[in-house]
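Biologist: Could you take me through the salt bridges in this predicted model? I would like a close look at which side chains pair up and where they sit.

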Amino acid sequence: MALVGVDLGGSNVRAGLVEDGRVIKISARPVRSQGSAEEVLADLQAVLEEIISPQVQGIGIGVPSVVDLETGTIYDVQNIPAWKEVPLERILEDRYLLPVYINNDANCFAAGEKHFGLGQPYDHLVGLIVGTGLGAGLIIDGKLYSGPNCGAGEFGMLPYLDSNFERYASGQFFLKSYGRSGKEFYELARAGDTEAKKIFEEFGHHLGEALKAIMYAVDPEAIILGGSVSRAFEFFKDSLQDAISTFAYSIALKKIRILVSTTENIAILGAAALYLDSLNK
C-alpha cells in the first residue's frame, strides 16, 4: 500500500511517500508563511506533486491547528496568518481525486506510533509531544480518538500550580523559569553542568505530575514521549519516575510503560497513518 504523509509546519512543509511502513521518498520546501493563502497552498501542492504517483491510495496531513474533522477544514494555523479557515480536504480531494485525511500534529504523532512505531503492541496509549508546548494524541481501543472538536488530549491546558501543565512540563518551563532554552540547558547537562542537571530534575518532576494526570484521566497502557525536549530524557527520567511513583493505583503503576519515540520521520508516518486509522472506523 502506498500512502502520502504531509507534515505542514509554520516554516517548512515535508511530504513523504510511505510504503510498507517506510518513508521511501521525501520532498520538502520552505513555506511562505507570511504570504497569501494561495501562496501557502501552492507550496503545499508543490511538494505533493513531487511525491504523488498512480499507486498512492490516500493522503494524510498533519497541521499545527484545530481541524473540523467532518469537513477537513483547518482553522488558525500556527505561524501562517493567512490560513484562518481553509477547506483543505475539499481543495486537495478535488485536485488529486484521492481521499484526504487531516488532523493536528499531536494526533498524527499518536497514530504514527500506533501503526508504525513503539505503540504497535498497545490498544490504549497516549502520544505526548513535549516541545515548545505540551500536546497529546489518544489511541483508545486501537483507534485515534480526537473528540468532536479535535480537542481531546489537551492535557497541557489543565490547571497546575499557578498556571497549567504546558507552562511547567514543556520547553516553556526553561524559558519562563530560567530564561534560557531547553536546548541550551541540554547542551550544558551533556557537558556535565550540575545546575543544568538540577533544572532537568525539576522539570522531570513537573512532567511526571502531568503524566499522573494523564494516567488518572485515560488509564493508558503506554505513554510515548516525543518532541524536542524528550531527547533529554536521560536527565529527567529519574525525577519523572519519582513523581509517578505516588500514583494511587499500584496495578496500573506496575503496568504502565513510559517510552521515548525512536521512530524516524514520525511526523510524515503519523500523517500517513490517518488513512490507516480511517479503515478501523
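Modeller: Happy to! Let's begin with Glu-209, which pairs with Lys-212 in a salt bridge whose closest N and O atoms are 3.3 Å apart. Both belong to helix α7, which covers residues 194–218, and because they are three residues apart there, about one helical turn separates them. Lys-212 counts as buried, since its relative accessibility is 10% and the cut-off for buried is under 20%.

Some salt bridges also share partners: Arg-29, Arg-32, Glu-39 and Asp-43 are joined in this way into one network. Within that group, the side chains of Asp-43 and Arg-29 meet at 3.9 Å, N to O, which falls within the 4 Å limit for a salt bridge. Asp-43 is part of helix α1 (residues 37–51) and Arg-29 is part of strand β3 (residues 22–30), so this pair ties together parts that are 14 residues apart in sequence.

Another pair to look at is Glu-184 with Arg-180, whose side chains form a salt bridge at 3.7 Å, N to O. Here Glu-184 is partly exposed, with 35% relative accessibility, and Arg-180 is partly exposed too, with 37%.

As for the overall tally, searching the whole structure turns up eight salt bridges, including the Glu-209 and Lys-212 pair we started from.

Key: Residues are numbered from 1 along each chain as its sequence is written. This is a predicted model: local features need pLDDT of at least 70, side-chain atom pairs count only at pLDDT 80 or more; totals for chains, interfaces and linings use all residues. Side-chain values use heavy atoms; hydrogens and water are left out. Helices (H or I, at least four residues) and strands (E, at least two) are DSSP runs, numbered from the N terminus. Buried means under 20% relative accessible area, exposed over 50%, partly exposed in between (1.4 Å probe, protein chains only).
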